[in-house]
Amino acid sequence: MTEQVIQFRRALHQIPELDRDLPETMAYLRRVLAPLGCALSTPIPGALCAFFDFGKADAIAFRSDADALPIQERTGLSFASTHPGRMHACGHDAHMAMVLDLAVWLAGQRDLPHNVLLLFQPAEETTGGAKDLCQSGVLEAHHVQCVFGLHLWPELPAGVIASRKRELMSRSCEVSVTVTGRSSHIAKAQEGLDALAAGVEFYRRAVALEAALPSRMRSFSPSRTACARSPRRSRPRPAAPWTCTPTTATPPCGTPTTCTTRCGPRTSLSRSWRTR
């Protein structure tokens, strides 16, 4: 590893940015690439491409992701993140550093079998920047025949590059599931639909389905479960304090005439509110 790669990586590690909003990252990349004689372009927001033209009919491309994660860094390193709540915790700073080092090498070459396109992609961690970059037409415009990508893998020995035929890494896919129930009066509970129970059953079956797969294919990872009342079914509650009126039944507060709490008289309406 050259000292130059270390410098690139540490500089980028200090300025992590999220999703497609990468102004400092893009500015740093431009400062390094601009003197190298390549053509720079921004096909989509948050992306940067560098084209090295060797006068050939086609090109090969090398891609790096550029965004970071919303994580607070607590490493205490001298080159730690300067942006609170953001960190290059997935290695994208090192990916960019390696592609920048490749760019410096390319600038010193006079003849190669192909032109070379370097891609710095946003939104790898979030909203699918790769798809937008591919659909921008930049690959077709430079007659790219294949794209090479890489990722750090700490479990490998230093100096080892691992690969395989066909697929190498799985694609992540986020799925959001909304379960909608139906409230009912306590006296007609059978008419209601319990959304929480349905959600728990869905999760149980999903876990059982994953457990039946080969271990190398298991990657189901639920991230968050939230329960909320649907605004379309909510009813406004009377404002406190309430005034209890004499009834044949004693209210929960025990004061039939001047109740100032929100318990209310024992009517079917107030009982219905409490059970929704």
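How many helices and strands does the secondary structure of the protein chain come to? The chain comes to seven helices and five strands, where helices (H or I, at least four residues) and strands (E, at least two) are DSSP runs numbered from the N terminus. The model is a predicted one, in which local features need pLDDT of at least 70 and side-chain atom pairs count only at pLDDT 80 or more, while totals for chains, interfaces and linings use all residues. Residues are numbered from 1 along each chain as its sequence is written, and side-chain values use heavy atoms, with hydrogens and water left out.

Read from the N terminus, the elements of the protein chain follow the order α-α-β-β-β-α-β-α-α-β-α-α. Of the 276 residues in the protein chain, 30% are buried; buried stands for under 20% relative accessible area, exposed for over 50%, and partly exposed for values in between, with a 1.4 Å probe and protein chains only. Contact means heavy atoms within 4.5 Å. Among contacts in the protein chain between residues at least 6 apart in sequence, 63% join residues at least 24 apart.

The five strands make up an open sheet with mixed pairing, in the order β1-β2-β4-β3-β5. Two strands are taken as paired if DSSP finds at least two bridges between them. Strands β1 (39-41) and β5 (144-149) stand at the edges with a single partner strand each, so one side of each is left without a neighbour in the sheet. On average, neighbouring strands of this sheet are turned by 20 degrees against each other, direction ignored. In general, the strands of a sheet pair through backbone hydrogen bonds, in either a parallel or an antiparallel manner.

Within the sheet, strand β3 (residues 59-65) runs parallel to strand β4 (residues 115-121), and seven bridges join the two. Phenylalanine 62 stands opposite leucine 118 in β4, and isoleucine 60 stands opposite valine 116 in β4. Five of the seven residues of β3 are buried, so this strand is largely enclosed by the rest of the structure.

For the angles, axes are lines fitted to C-alpha atoms, for helices over the stretch in contact, and the values run from 0 to 180 degrees between N-to-C directions. Helix α2 (residues 23-33) packs on the sheet and touches β1, β2 (48-52) and β4; the direction of α2 makes about 15 degrees with that of β2. Helix α3 (residues 92-107) also packs on the sheet, where it touches β2, β3 and β4, and its direction makes about 150 degrees with that of β3.

Helix α1 (residues 3-13) meets both of these helices. The axes of α1 and α2 come within 10 Å and cross at roughly 155 degrees. This makes α1 roughly antiparallel to α2, given that angles under 35 degrees count as roughly parallel, over 145 as roughly antiparallel, 65 to 115 as roughly perpendicular and the rest as oblique. Gln7, Phe8, Ala11 and Leu12 of α1 make the contact with Thr25, Tyr28 and Val32 of α2. The axes of α1 and α3 come within 8 Å and cross at roughly 135 degrees, and α1 and α3 are therefore oblique to each other. On the α1 side, Gln4, Val5, Phe8, Arg9, Leu12 and His13 meet Asp93, Ala94, Met96, Ala97, Leu100, Asp101 and Val104 in α3.

Aspartate 19, in the loop between α1 and α2, has a phi near 60 degrees, a positive value in a residue other than glycine. Its relative accessible area of 26% makes aspartate 19 partly exposed. Histidine 143, in the loop between α5 (138-141) and β5, likewise has a positive phi, of about 55 degrees, although it is not a glycine. Histidine 143 is partly exposed at 47% relative accessible area. Most residues other than glycine have a negative phi. Glutamine 109 lies in the loop between α3 and β4 and is partly exposed, with a relative accessible area of 23%. The C-alpha atoms of glutamine 109 and phenylalanine 54 are separated by 8.8 Å, with the two residues 55 apart along the chain.

The structure holds zero disulfides, a disulfide being a pair of cysteine sulfur atoms within 2.5 Å. Cysteine 38 counts as buried at 12% relative accessibility, and cysteine 49 is buried with a relative accessible area of 1%.
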